[in-house]
Amino acid sequence: LADMEAGNKSAMRHCRKSQGRALNKFGDMLKTGLDKINRNKVMGILIIEVHSRDTIESLMKQGTQSANDFAWLQQLRCYWDKERDDCLFRITNTFTPYGHEYQGNNGRLVVTPLTDRCYMTLTTALNLRRGGLPQGPAGTGKTETVKDLSKAIAKYVIVFNCSDGLDFKSMGRMFSGLAQSGSWSCFDEFNRINEEVLSVVAQQIMCILDAIKAAKHTFMFEGTEIPLNWGVGIFVTMNPAGAGYEGRSELPENLKAVLRPISMMAPDLNMIMEVMMFSNGFSAASSKDLGKKLFTLYSLCTQQLSKQPHYDFG
């Protein structure tokens with residue numbers, strides 16, 4: 001993009017060619033009988049590089065000419081900041097410091113346009129000192145997207161499955177630990193918690209976020225003074241109340257005020273299948289065809305077969 005600004009109009013095309021060559025090389029590596037660890041590594045790289053290829057193509061389609069265009073700024077980008085002497089992840093006009101948390105050789109999600117939009121909302125929420133609230137039907141990748149964003153910026157995320165047995169004291173203990181360790185949390189099925197408990201939880205979250213906003217190093221939480229790590233991120237996911245899901249309560253207004261919502265709808269399954277095939281060693285052309293065929297097959301299965309739990313083709 002810097003070359004394009006300087007007047008080299010074909011810079012993006014060269015970039016796409018070299019990206020294509022790199023993808024083919026990684027694809028060929030998968031066919032050489034790698035051991036399990038290296039295979040996982042190459043598959044992870046491939047999934048991320050395919051997204052880079054798609055990003056370059058969309059930038060070319062939109063005619064992006066500068067590194068300040070929104071089409072480029074909306075991507076999750078990694079920089080070394082000389083002033084801070086640290087690694088930062090930038091997206092739109094916000095930045096998040098790299099977490100330096102070693103997470104092992106785990107896989108990554110296929111990044112779809114929905115994932116990108118969710119990243120934007122969650123990182124903006126963090127920078128506004130708010131929590132994030134991905135909500136939508138089951139199987140749309142709400143929790144997985146929070147986990148994937150944490151992998152991207154190397155933050156430790158604790159996923160906790162909520163139930164109606166939780167009281168404000170046990171939630172308070174969890175928030176106290178999160179505030180001190182600076183970890184991220186993902187409270188799954190959050191609106192299963194009783195409404196009267198949720199109202200107190202909103203106060204607890206507000207207490208932590210206000211302390212970060214005031215740039216405090218210690219703060220009073222539930223009557224105890226505790227140290228505060230500003231890296232803490234509070235995310236909750238839920239299915240909408242009254243949409244055929246049992247035992248879900250509506251979130252109280254004071255809780256809605258501290259959580260930034262994003263609606264997670266049906267992910268692009270066709271694209272996910274195509275990238276999964278590609279990252280498992282199929283060529284680019286055959287993974288496109290096979291992805292379409294598999295998508296058609298599983299869509300038919302979903303429509304035609306019975307609604308038994310072991311038949312859930314999502």
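Here is a short report, starting with how far the model can be read.

## The model and its confidence

This is a predicted model, in which local features need pLDDT of at least 70 and side-chain atom pairs count only at pLDDT 80 or more, while totals for chains, interfaces and linings use all residues. Residues are numbered from 1 along each chain as its sequence is written, and side-chain values use heavy atoms, with hydrogens and water left out.

The average pLDDT (the predictor's confidence in each residue, from 0 to 100) is 90 for the protein, and 97% of the residues score at least 70. Among the helices and strands (DSSP runs, H or I of at least four residues and E of at least two, numbered from the N terminus), strand S9 (residues 233-236) has the highest confidence at 96, and helix H1 (residues 2-5) the lowest, at a mean of 89.

## The largest pocket

The largest pocket has a volume of about 830 Å³. Its lining is made up of 34 residues, and those closest to the centre are Ile 48, Phe 89, Arg 108, Lys 151 and Ala 152. A pocket here is an open set of points on a 1 Å grid over the protein atoms alone, where a 1.4 Å probe fits, with protein on both sides within 12 Å along at least five of seven lines; lining residues have an atom within 4 Å of a point. Grid points are joined across faces, edges and corners, and the volume is the space filled by probe spheres set on the points.

Which element gives the most to this lining? It is H3, with 11 residues. By type, the lining divides into 16 nonpolar residues (Ala, Val, Leu, Ile, Met, Phe, Trp, Tyr, Cys and Pro), 7 charged (Asp, Glu, Lys and Arg) and 11 polar (the others, Gly among them).

## Two nonpolar cores

A nonpolar core is a set of buried Ala, Val, Leu, Ile, Met, Phe, Trp, Tyr and Cys residues joined through side-chain atoms within 4.5 Å. Buried means under 20% relative accessible area, exposed over 50%, and partly exposed in between (1.4 Å probe, protein chains only). The largest core has 31 residues, and Phe 175, Phe 190, Ile 208 and Leu 255 have the most contacts inside it. Helix H8 (195-213) is among the elements that give two or more residues to this core, and H8 supplies its largest share, 9 residues.

A second, separate core has 17 residues, including Phe 89, Leu 114, Val 146 and Met 264.

Not counting residues up to four places away in sequence, Gln 204 touches Phe 168, Met 171, Gly 172, Phe 175, Phe 221 and Glu 222 (contact means heavy atoms within 4.5 Å).

In helix H10 (residues 269-279), the buried residues include Met 271, Glu 274 and Phe 278. The buried residues of H10 pack against H2, H3, H5 and H11. Gly 281, with a positive phi near 110°, follows H10.

## Two non-glycine residues with positive phi

His 100 is not a glycine, yet has a positive phi of about 55°. His 100 sits in the loop between strand S3 (94-97) and H5, and is exposed, with a relative accessible area of 53%.

Glu 189, also not a glycine, has a positive phi of about 50°. The loop between strand S6 (184-188) and H8 holds Glu 189, which is buried at a relative accessible area of 17%.
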